[in-house]
Amino acid sequence: MAHATIYMGVTIPQFLRGAGRICPAHSALTVLRHSAFCYCTVNGTLKSKRKMDHLERTASNFRQEVISQAKVCGITNESETVKRLRLAIANKDFTFKAGQWVDFFIPGVSVVGGFSMCSSPGLLEREGILELAVKYTAHPPAHWIHTECTLDSEVALRVGADLHGYREGKGNAYKMGTVKLYYSAKNTKELLFKKNILGLMNAFPGKITCRFHVTQQSSQICEELQPYVTEGRISEKDLEKHVSKDTLWYICGPPPMIESISKLLYNVGVPRNCVFFEKWW
């Protein structure tokens, strides 16, 4: 089955079920687990006009029971607004599949974050390492990562995924055919992992292709990227040439972008059950 993927930015249910059977080596994870449990119990019964947070918005989504302590072992500035965290995972039973995300628990921060992995499951299997790419915002978990997080900072993680639960429940299995990636950012500096993407295109010619879109580019685009860059937003014309009954569409980004791209797809005849996305904010 052919897959068309539109990628621009991410989603999560039963909170801490069975957590009492997990025994962390340090007290930080115990405190995190207790505070998170109390937070969900209290907030699950309250109604407010305030904006829903990550845990409330994803309360009905599938989650693994395993909660693992993790230590920050690397911090890299991927761009002016994005940091990559490299995390050493303590629990050997902690696993994930491509496309999932983690609940991110921080000592002393009551708000729980939700971030997508940017590393492969293979890296976790080989080295016990997981990586996250986090864009700066005022949201407490992201703000902590950009302003307070240091090497050896300890956090806790738990895997969740709405699509994972859907596949398990329905018995679906998808095999990757060809992948077309549309990746939009403000400028080429904000096109994270562009070298990795170009490497994949070279390694799998005809199977993986990408079109980068930049909306506020003010400098000259480097020669290496020029053949793959379009200035301007992703348009209906860009998408309609890939519409077919065998194409699935995966959209990731802020809600206004998701709504806009979804509408474009529906307008050109893509069935709603072929469009997948997650709204976080």
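Analyst: One definition to begin with. Buried means under 20% relative accessible area. By that cut-off, both Phe104 and Trp144 are buried. Keep in mind that the model is predicted.

User: How many helices and strands does the chain have?

Analyst: There are 8 helices and 12 strands.

User: And what share of the residues counts as buried?

Analyst: The figure is 45% of the chain's 281 residues. The accessible surface comes to about 15,200 Å². Carbon and sulfur atoms hold 53% of that surface.

User: Back to rings. How many aromatic pairs does a search of the whole structure find?

Analyst: The search finds 4 aromatic pairs. One of them is Phe104 with Trp144, with ring centres 6.4 Å apart and planes at 55°, so that pair is tilted.

User: Which parts does that pair tie together?

Analyst: Phe104 is in strand E4 (residues 101–106) and Trp144 is in helix H4 (residues 140–147), so the pair ties together parts 40 residues apart in sequence. Ring pairs also bring in Phe115, linking Phe104, Phe115 and Trp144 into a cluster.

User: What about Tyr250 and Phe276, stacked or tilted?

Analyst: Stacked, because the planes of Tyr250 and Phe276 are at 15°, with ring centres 5.2 Å apart. Tyr250 belongs to strand E11 (residues 248–252) and Phe276 to strand E12, so this pair ties together parts 26 residues apart in sequence. Both Tyr250 and Phe276 are buried.

User: Let's stay with H4. Which of its residues are buried?

Analyst: In H4 they are Pro141, Ala142, Trp144, Ile145 and His146.

User: What do those buried residues pack against?

Analyst: Five strands are named here: E3 (82–89), E4, E5 (109–116), E6 (129–135) and E7.

User: Next, Phe277. Where does it lie, and how accessible is it?

Analyst: Phe277 lies in strand E12, residues 275–277. Phe277 counts as partly exposed because its relative accessibility is 34%.

User: What is Phe277 in contact with, leaving aside neighbours within four places in sequence?

Analyst: Ile251, Ile258, Ser262 and Tyr266. As for Pro255, its C-alpha is 9.5 Å from that of Phe277, and the two are 22 residues apart in sequence.

User: You mentioned Tyr266. What sits over its ring?

Analyst: The charged end of Arg272 does, 4.1 Å from the centre of the Tyr266 ring. Lys180 likewise lies over the face of Tyr182, at 5.3 Å from the ring centre.

User: Switching to cysteines. How many disulfides turn up?

Analyst: A search of the whole structure finds 0.

User: Cys210 and Cys252, buried or exposed?

Analyst: Cys210 counts as buried because its relative accessibility is 4%. Cys252 has 12% relative accessibility, so Cys252 counts as buried too.

User: Now polar contacts. What does the side chain of Gln69 join?

Analyst: The side chain of Glu154, through a polar contact of 2.6 Å. Gln69 is in strand E2, residues 63–77. Gln69 counts as buried because its relative accessibility is 9%.

User: And Glu65, which strand is that in?

Analyst: Glu65 is in strand E2. Glu65 counts as partly exposed because its relative accessibility is 30%. Its C-alpha is 7.5 Å from that of Arg158, and Glu65 and Arg158 are 93 residues apart in sequence.

User: Last topic, backbone angles. What is phi for Asp152?

Analyst: Phi of Asp152 is positive, about 80°, although Asp152 is not a glycine. Asp152 is in the loop between H4 and strand E7 (154–160).

User: Is Asp152 buried or exposed?

Analyst: Exposed, because Asp152 has a relative accessibility of 53%.

User: What is phi for Phe193, and where is its place?

Analyst: Phi of Phe193 is near 60°, again positive in a residue other than glycine. Phe193 is in the loop between strand E8 (179–185) and helix H6 (194–203).

Methods. Residues are numbered from 1 along each chain as its sequence is written. This is a predicted model: local features need pLDDT of at least 70, side-chain atom pairs count only at pLDDT 80 or more; totals for chains, interfaces and linings use all residues. Side-chain values use heavy atoms; hydrogens and water are left out. Helices (H or I, at least four residues) and strands (E, at least two) are DSSP runs, numbered from the N terminus. Buried means under 20% relative accessible area, exposed over 50%, partly exposed in between (1.4 Å probe, protein chains only). Contact means heavy atoms within 4.5 Å. Rings of Phe, Tyr and Trp (its six-membered ring) pair if their centres lie within 6.5 Å; planes under 30 degrees apart count as stacked, over 60 as edge-to-face and the rest as tilted. A charge sits over a ring if NZ of Lys or CZ of Arg is within 6 Å of the ring centre and within 35 degrees of the ring normal. A disulfide is a pair of cysteine sulfur atoms within 2.5 Å. A polar contact is a pair of N or O atoms within 3.5 Å; within protein, one must be able to donate a hydrogen and the other to accept it, and residues adjacent in sequence count only if both atoms are side-chain atoms. Accessible areas come from the Shrake-Rupley method with a 1.4 Å probe; for residues, only the protein chains shown count as cover.
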